[in-house]
Amino acid sequence: MDSLFHFVFAVIGGYVLVKGMGLNYGLLRVSILAFFSLFIDLSHVIGILGLFHNVFVLAFLILLYLWFSWNNSENSKNYLLIFLVMVAGHFIADMIFGIGIPLLFPFSNSYYLIPQYGICLRKYGIYIAQGSDLVECLVTPFGIALTLYFGIIALVVVLRRHLHNYLNL
């Protein structure tokens with residue numbers, strides 16, 4: 001996926017998340033975080049895609065978020081949560097097209113991709129399609145990716161609202 005798509009995807013998702021969390025962060029702050037979320041693509045420049053495109057990057061960011069939570073760094077915690085969701089969205093976007101991403105690198109060199117099938121409706125019924133037939137389908141990999149990303153955002157907003165008072169997360 002190209003950098004412009006990643007940036008716009010992160011800005012939109014980040015802005016929805018910020019508003020859902022009730023924060024007063026403007027579009028400039030969200031855009032700066034979105035810009036930093038592009039840095040995981042340095043692994044393309046280095047030539048080792050798995051270097052930053054794996055679940056261990058997300059695990060590290062989650063641990064950092066928990067550390068900020070336990071140390072009462074409210075602003076840092078909020079910024080990191082938004083950044084974490086943007087990076088997760090980046091991974092999801094990279095799993096829409098192409099070869100996918102090596103989620104379990106360095107333990108596995110297998111690449112993971114959202115299945116390239118769609119559910120289509122035509123004159124004679126519903127059928128499963130792939131490839132160029134996905135253009136006019138009801139459900140496509142792109143739609144699945146959007147649902148996953150904004151589902152994560154909704155889940156984060158709901159969990160944060162309910163857990164914030166109990167666990168200071």
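This is a predicted model: local features need pLDDT of at least 70, side-chain atom pairs count only at pLDDT 80 or more; totals for chains, interfaces and linings use all residues.

**Two helices in contact**

Now widen the view to show the whole of helix α1, residues 3-21, together with helix α2, residues 27-37, whose axes come within 9 Å of each other and cross at roughly 135 degrees. An angle over 145 degrees would count as roughly antiparallel, and one of 65 to 115 degrees as roughly perpendicular, so α1 and α2 are described as oblique to each other. The crossing in which α1 passes α2 is right-handed.

**From α2 to α5**

Keep α2 on display and select Arg 29, Val 30, Leu 33, Ala 34, Phe 36 and Ser 37, which meet Tyr 79, Ile 82, Phe 83, Met 86, Val 87 and His 90 in α5. Sorted by class, this contact of α2 with α5 comprises 9 nonpolar residues, 2 polar residues and 1 charged residue. The axes of α2 and α5 lie 9 Å apart, and the two helices pack at an angle of about 50 degrees, so that they too are oblique to each other. Here the crossing of α2 and α5 is again right-handed.

**A charged pair in α5**

Stay with helix α5, which covers residues 74-94, and select Lys 77 and Glu 74, where a salt bridge places the closest N and O atoms 3.1 Å apart. Why are these two separated by about one helical turn? Lys 77 and Glu 74 are 3 residues apart in α5, and therefore about one turn of the helix lies between them. Side chains of opposite charge can pair when their charged atoms come close. The structure holds 2 salt bridges, one of which is this pair of Lys 77 with Glu 74.

**The strand pair**

For the last stop, select residues 117-122, which form strand β1, and residues 125-130, which form strand β2; the two run antiparallel and are joined by 6 bridges. Between β1 and β2 the chain makes a hairpin through 2 residues. Within the pair, look at Ile 119, which stands opposite Ile 128 in β2, and then move on to Leu 121, which stands opposite Ile 126 in β2.

Technical notes. Residues are numbered from 1 along each chain as its sequence is written. Side-chain values use heavy atoms; hydrogens and water are left out. Two strands pair if DSSP finds at least two bridges between them. Helices (H or I, at least four residues) and strands (E, at least two) are DSSP runs, numbered from the N terminus. Axes are lines fitted to C-alpha atoms, for helices over the stretch in contact, and angles run from 0 to 180 degrees between N-to-C directions. Angles under 35 degrees count as roughly parallel, over 145 as roughly antiparallel, 65 to 115 as roughly perpendicular and the rest as oblique. A crossing is left-handed if the near helix is turned anticlockwise from the far one by less than a right angle, and right-handed if clockwise. A salt bridge is a side-chain nitrogen of Lys or Arg within 4 Å of a carboxyl oxygen of Asp or Glu. Contact means heavy atoms within 4.5 Å. Ala, Val, Leu, Ile, Met, Phe, Trp, Tyr, Cys and Pro count as nonpolar, Asp, Glu, Lys and Arg as charged, and the others, Gly among them, as polar.
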